Amino acid sequence: MPKSRPVEEAAKAPDMIDAVIVGAGFAGLYMLHRLRAMGVSARIYEAGSDIGGTWFWNRYPGARVDIESQEYSYSFSDELEFDWQWTERYASQPELLKYINHVADRFDLRHDIQLDTRVTEAVYDETRDRWRILTDRGERISARYCVMATGCLSAAKEPDIPGAGSFKGETYSTASWPRDGVDFSGKRVGIIGTGSSGIQTITTIAPEVGTLTVFQRTPNFSVPAHNGPIDPAVAADWKANRDTYRQEERESGIGIRALDPGEALALEASPEERRRVYEERWARGGFCVAAGYADLGVDKAANDTLAEFVGDKIRSIVKDPETAEMLVPKTYPIASKRLCVDTGYFEVYNRDNVSLVDLIATPIEAITPTGIRTTAQDHEFDAIIYAIGFDAMTGALDRIDIRGRGGERLRDKWAAGPVTYLGLMASGFPNLFMVTGPGSPSVLSNMMVSIEQHVDWIADCIGHLGDHQLTTIEATPEAEQAWVAHVNEIADQTLYVQANSWYLGANVPGKPRVFMPYPGGVGVYREKCDEVVANAYEGFALT
Ligand code: FAD
Ligand code: N01
């Protein structure tokens, strides 16, 4: 293991450590594990009252992954992977939280994690080449390195609807669901939002509530998960071949083996052949539905063939033709927003106690003391659920006052959109690392694959600095500009830019419209990161 020079400083004062890690989700925990193993003193500061990140906060009914359990898990420890048994094909939030807690105990991480502590400020002290960290408890910590493991989807949007706050009944947000759950039995419930969070919540609570009114602005493409108990043969096969399978994930497009991307072109296939491929993938379920042909993500005419297929599936499931038509997306290409993966979502609209309100036809005017008023009518509720999404990728970072060289604020530097080199660092902010930052594949991928790759890169980089008696690493402005241009160039060749998605910041009023994640694939991206290191940290200045 590489030696770390600054580790001795930690012994001098408890507020002087080598590395501050912000966030105790999958990224923060693995970062802590890696740094500690290298002899680098590190501590996590976590705003929540427990570990788990996404899976701690998003406890809404039905929350679960969109990637098969054995793929959405850490790969860094053979023993962990062999010992842990997933119970369902797509793990639920409680099982994921159990897994994360198991990891924290197994690797003895808890004593270096401080909960209920929000980092409010991170300021680079140029005279000492250290980060000064301030928390909402008034603590000041000095660290050589600061790792932002703050999450791409951790800054929930506040309802920006007139009258929000005036409602006298119960109000819930999927992104900060009560720990003890909610009893909706017999209640009149309204839910705003039909993204993945909304879809999972709606599907799960529909049988329990008195009535459920769904307020939909933009319909979403959703494909079946075919969830169920994990097939023992699949689990055994994974364990027997894990080295090969994990390597395939790392070299793949989005870090998912089960994607099984087709290489042929949809527009070169006959309609009958296309239907056969789409039906076969629909029966398999999950993201592979959108990966049957190589041109689906780049050619609108090809994409339309799949969108029509999925639209027809929705029409065949939902019995009321008017409701079905409202649920069929028509304004953006399929998979240009993260595809939803459901367990009986569209079937829910065949229930007598569920109704759908089209907010394009009849927008919400206000939240009232008794419910929700649209331009058509007043709806009265006992409870309102907001499933309205996140200020994604930049939100958690923007909420911290991060100041680099010359006092430059990161949020000012990013006023026209995030600017990074590889999504790992930003020029003017030495020794400040981001895990799955904007400009990296992150949210377009199996996040576990991307998190592990970033954490390993950062840990190796810190080890390199220690080994070579170096103090700082910083992205050069030239490398950063070239990388941002490269990300935009690739994004412009895809259909991603044709949707008003959170990938582009389109869901947050006033946010610059910039495609934030790197769409070139996790395998290609990993090669680029490795090449940068092999070329003596090309594009970075080291001192
Ligand atoms: P997070 O889990 O978001 O953890 C970040 C932590 O940082 C949070 O606990 C937060 O409280 C803390 N934090 C933030 N700011 C501060 C601060 N200033 N001070 C202190 N603490 C702070 N990805 C997939 O690949 N597949 C999926 O199926 C999938 N499902 C998802 C479902 C939901 C409901 C959501 C919201 C996201 C999902 N994601 C999924 C993305 C998911 O966020 C990642 O997979 C992964 O869990 C992110 O881990 P992380 O550690 O990077 O961030
Ligand atoms: O958020 P979203 P999410 N009035 O932004 C609507 C991951 N995830 O939390 O599209 C009315 O997708 C908004 O409407 P519109 C996954 O990566 C995964 O659901 O802006 N409606 C939309 O319908 C996902 O992509 C899982 O027109 C308003 C919804 O709210 C990401 O997290 C589960 C509104 C928000 O959808 C985010 O998903 C959950 C308003 N004022 C999350 N404001 C898995 O299954 C917003 N909306 C793995």
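A crossover is called right-handed if, with the strands pointing away from the viewer, the path from the first strand over the helix to the second runs clockwise. In this predicted model, where local features need pLDDT of at least 70, side-chain atom pairs count only at pLDDT 80 or more, and totals for chains, interfaces and linings use all residues, strand 1, helix 2 and strand 2 make a β-α-β unit of that hand. Residues are numbered from 1 along each chain as its sequence is written, chains are lettered from A and ligands numbered from 1 in the order in which they are written, and side-chain values use heavy atoms, without hydrogens and water.

Helices (H or I, at least four residues) and strands (E, at least two) are DSSP runs numbered from the N terminus, and two strands pair if DSSP finds at least two bridges between them. Strand 1 (residues 16–22) runs parallel to strand 2 (residues 42–45), with four bridges joining them; Ala 19 has Ala 42 as its bridge partner in strand 2. Strand 2 also pairs in the parallel sense with strand 3 (residues 113–114), over two bridges, and there Tyr 45 is partnered by Gln 114.

Helix 2 (26–37) returns in the shell around ligand 1, to which this helix, helix 3 (54–57) and helix 14 (447–467) each supply at least two residues. Helix 3 gives the most, with three residues. Polar contacts are pairs of N or O atoms within 3.5 Å: a backbone N or O atom of Ala 47 lies 3.0 Å from a nitrogen atom of ligand 1, and one of Met 447 lies 2.9 Å from an oxygen atom of ligand 1.

Terms used. Polar contact = N/O pair within 3.5 Å; in protein donor to acceptor, adjacent residues only side chain to side chain.
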